[in-house]
Amino acid sequence: MQRLLMHNPIAVATLWIVAYIVISIVPLAVMLLHPAPPGRGFWLEFSVALGFIGLAMMVLQFALAARVNRIESSYGIDILIQFHRYTSLAAFLMVLVHPVILFVVDPETLGLLNFFEAPWRARMAVIATLAFLIMVVTTIWRKPLNIPYEPWRAVHSFLAVVAVGLGFGHALAVSNYMSLFWKGVLWSAMVLVALWLILYVRLVKPMLMTKHPYLVEAVKPQRGDVWTLALRPHGHEGFTFQPGQFAWITLGIHPIGMREHPFSMSSSGDHPERIEFGIKALGDFTRSIKDVKPGTKAYLDGPYGVFTTERYWDSAGFVLIAGGIGITPM
């Protein structure tokens, strides 16, 4: 029975949701194991609870954005990205409401907004909140603000580290609930795991990808302004994949540059010695595919995606109908 549940995609996806909720709430529960400082009312403690939950959710955003295969295989990248956005907004609201309640309950705390005279614990909170605010604004209105994706992604990562690092520093400096050593160790472990995830995604993983390069074997024109990009693994065996999955392609540059583009594979997953992508010329990058020369070095991050029938035991008899650029995974 247990083995059947672990191979049931719905059961596994449910377990990940439960894990997310537990990780978000447990750090707060641990804080409450120690008696609260005397003379603090309900609203003050409620604001602290919002701050801790918001910080825990911010830490979890690193895991959602890390393309962890075990998590991604339960939902797909699209759903994870949407969940990442909505939970980030929820975390930001909690972090923002946390000081607002303090200001209403104890107006004297408004003096903490005087940045140059406030103690460092308050300065860290202000900077962390501003970093979080900039992240939210530039994410929601990136296109209206005409911010290119690659610079935005780099700045987004930097601001995330600043927000989480200084938010954690603020909680430690206040120390009302982190005075015990083991509590500080618990939160430190969470933050370090988050920082490791972003370090892995932005630096370690791109460096590992350079050990498994691909070479462009051919670029062939198809009907409808579509081009087939054929890649062959260079010095390794490549990877297998299921029909409907995709990979991020980095073409002609070092993968650490974070200029990658997702495309569905259009060749058979049973032949990793040659991987093909059907790419329609629609944007700046896709229009340049026809000019790519054979022998150009490329890197693949994949496979990803759950848009495939092979992961479901009852998928026999599906009829797939598609048109336009969405026809590739079909």
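Start by selecting Arg67 and Glu260, which form a salt bridge whose closest N and O atoms are 2.5 Å apart. Here a salt bridge means a side-chain nitrogen of Lys or Arg within 4 Å of a carboxyl oxygen of Asp or Glu. Arg67 sits in the loop between H3 and helix H4 (69-75), and Glu260 in the loop between strand E3 (246-251) and strand E4 (261-264), so the pair ties together parts that are 193 residues apart in sequence. Searching the whole structure turns up 8 salt bridges. The helices (H or I, at least four residues) and strands (E, at least two) on this tour are DSSP runs, numbered from the N terminus.

A word on what is on your screen: this is a predicted model, in which local features need pLDDT of at least 70 and side-chain atom pairs count only at pLDDT 80 or more, while totals for chains, interfaces and linings use all residues. Residues are numbered from 1 along each chain as its sequence is written, and side-chain values use heavy atoms, with hydrogens and water left out.

Next, show helix H3 (residues 42-64) together with helix H7 (residues 149-174). Their axes come within 10 Å and cross at roughly 145°; axes are lines fitted to C-alpha atoms, for helices over the stretch in contact, with angles running from 0 to 180 degrees between N-to-C directions. The H3 and H7 crossing is left-handed, that is, the near helix is turned anticlockwise from the far one by less than a right angle. Which residues of H3 meet H7? Pick Phe52, Leu55, Met58, Val59 and Phe62 in H3, then Ala160, Val161, Ala163, Val164, Gly167, Phe168 and Ala171 in H7, with contact meaning heavy atoms within 4.5 Å. This contact has 11 nonpolar, 1 polar and no charged residues; Ala, Val, Leu, Ile, Met, Phe, Trp, Tyr, Cys and Pro count as nonpolar, Asp, Glu, Lys and Arg as charged, and the others, Gly among them, as polar.

Now move to helix H5 (residues 77-105) and helix H6 (residues 120-140), whose axes come within 11 Å and cross at roughly 145°. H5 passes H6 in a left-handed crossing. Among the residues that meet are Phe92 and Val95 in H5 and Phe132 and Val136 in H6. The contact of H5 with H6 has 9 nonpolar, 2 polar and no charged residues.

Two backbone stops remain. Select Asn146 in the loop between H6 and H7: phi of Asn146 is near 55°, a positive value in a residue other than glycine. Finally, go to strand E6 (residues 297-304), where Pro303 is found. A cis peptide bond, with omega about 5°, joins Gly302 and Pro303.
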